[in-house]
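This briefing is meant for a reader who is meeting the structure for the first time. Please keep the sequence and the 3D view at hand while reading.

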Amino acid sequence: IKIKDLRERLGLSQADFGKKIGETQQKVHNQEHNKKDDFEYIQKVCSVFNVDFESFISEKTQISKKKN
């Protein structure tokens with residue numbers, strides 16, 4: 001759910017989010033609806049969007065829209 005929250009806060013479609021991280025729209029959809037964590041995928045998302053991995057996987061993390 002955090003991945004979907006991040007994507008929506010950035011105003012990106014699943015397809016656009018996928019392009020930014022080098023994945024397909026289907027992979028993004030599957031990750032948003034999958035109950036199992038794919039840590040490699042989460043690490044990629046964190047790296048591309050400059051989010052701390054440990055903070056991201058923490059239940060207490062709140063994602064805010066990055067200001068430019």
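In which helix is Cys46 found? Cys46 belongs to helix α4, which covers residues 39-48, and the model in which it is seen here is a predicted one.

**Cys46 and its surroundings**

- With a relative accessibility of 3%, Cys46 counts as buried, because buried means under 20%.
- Setting aside residues up to four places away in sequence, Cys46 touches Val51, Asp52, Phe53 and Phe56.
- Although Cys46 and Ile3 are 43 residues apart along the chain, their C-alpha atoms are separated by 9.6 Å.

**The largest nonpolar core**

- The largest nonpolar core has 13 residues, and the members that touch the most other members are Phe17, Tyr41, Val45 and Phe49.
- At least two residues of this core are supplied by each of α1, α2, α4 and α5 (53-57), and the largest share, 4 residues, comes from α4.
- Phe17, one of those core members, is buried at 0% relative accessibility.
- Beyond its neighbours within four places in sequence, Phe17 is in contact with Ile3, Leu6, Arg7, Leu12, Val28, Tyr41, Val45 and Phe49.

**Helices α2 and α3**

- In α2 the buried residues are Gln14, Phe17, Gly18 and Ile21, and they line one face of the helix because, seen down its axis, they fall within an arc of 100°.
- These buried residues of α2 pack against α1, α3 and α4, while the helix itself is followed by Gly22, which has a positive phi near 75°.
- In α3, which spans residues 25-33, Val28, Gln31 and Glu32 are buried, and since they fall within an arc of 100° when seen down the axis of α3, they too line one face of their helix.
- The cover over the buried residues of α3 includes α1 (2-9), α2 (14-21) and α4.

- Arg7 lies in helix α1 and is buried, with a relative accessible area of 9%.
- Not counting residues up to four places away in sequence, Arg7 touches Leu12, Ser13, Gln14, Phe17, Val28 and Glu32.
- Gln31, a residue of helix α3, counts as buried at 11% relative accessibility, and, with residues up to four places away left out, Gln31 touches Asp38 and Tyr41.

**Aromatic pairs**

- How many aromatic pairs does the count give? The count comes to 2 aromatic pairs.
- The rings of Phe17 and Phe49 have centres 5.1 Å apart and planes at 10°, so this pair is stacked.
- Because Phe17 lies in helix α2 and Phe49 in the loop between α4 and α5, the pair ties together parts that are 32 residues apart in sequence; Phe49 is buried, with a relative accessible area of 14%.
- The rings of Phe39 and Phe53 have centres 6.1 Å apart and planes at 65°, so this pair is edge-to-face.
- Phe39 in helix α4 and Phe53 in helix α5 are 14 residues apart, and their pair links distant parts of the chain.
- Phe39 counts as partly exposed at 42% relative accessibility, whereas Phe53 is buried, with a relative accessible area of 19%.

How values were computed. Residues numbered from 1 in each chain as written. Predicted model: local features only at pLDDT ≥ 70, side-chain atom pairs only at ≥ 80, totals over all residues. Heavy atoms only, no water. Buried < 20%, exposed > 50% of the residue type's maximum accessible area, 1.4 Å probe, protein only. Contact = heavy atoms within 4.5 Å. Arc of directions from axis to C-beta. Core = buried A, V, L, I, M, F, W, Y, C linked by side-chain atoms within 4.5 Å. Phe/Tyr/Trp six-rings, centres within 6.5 Å; stacked < 30°, edge-to-face > 60°.
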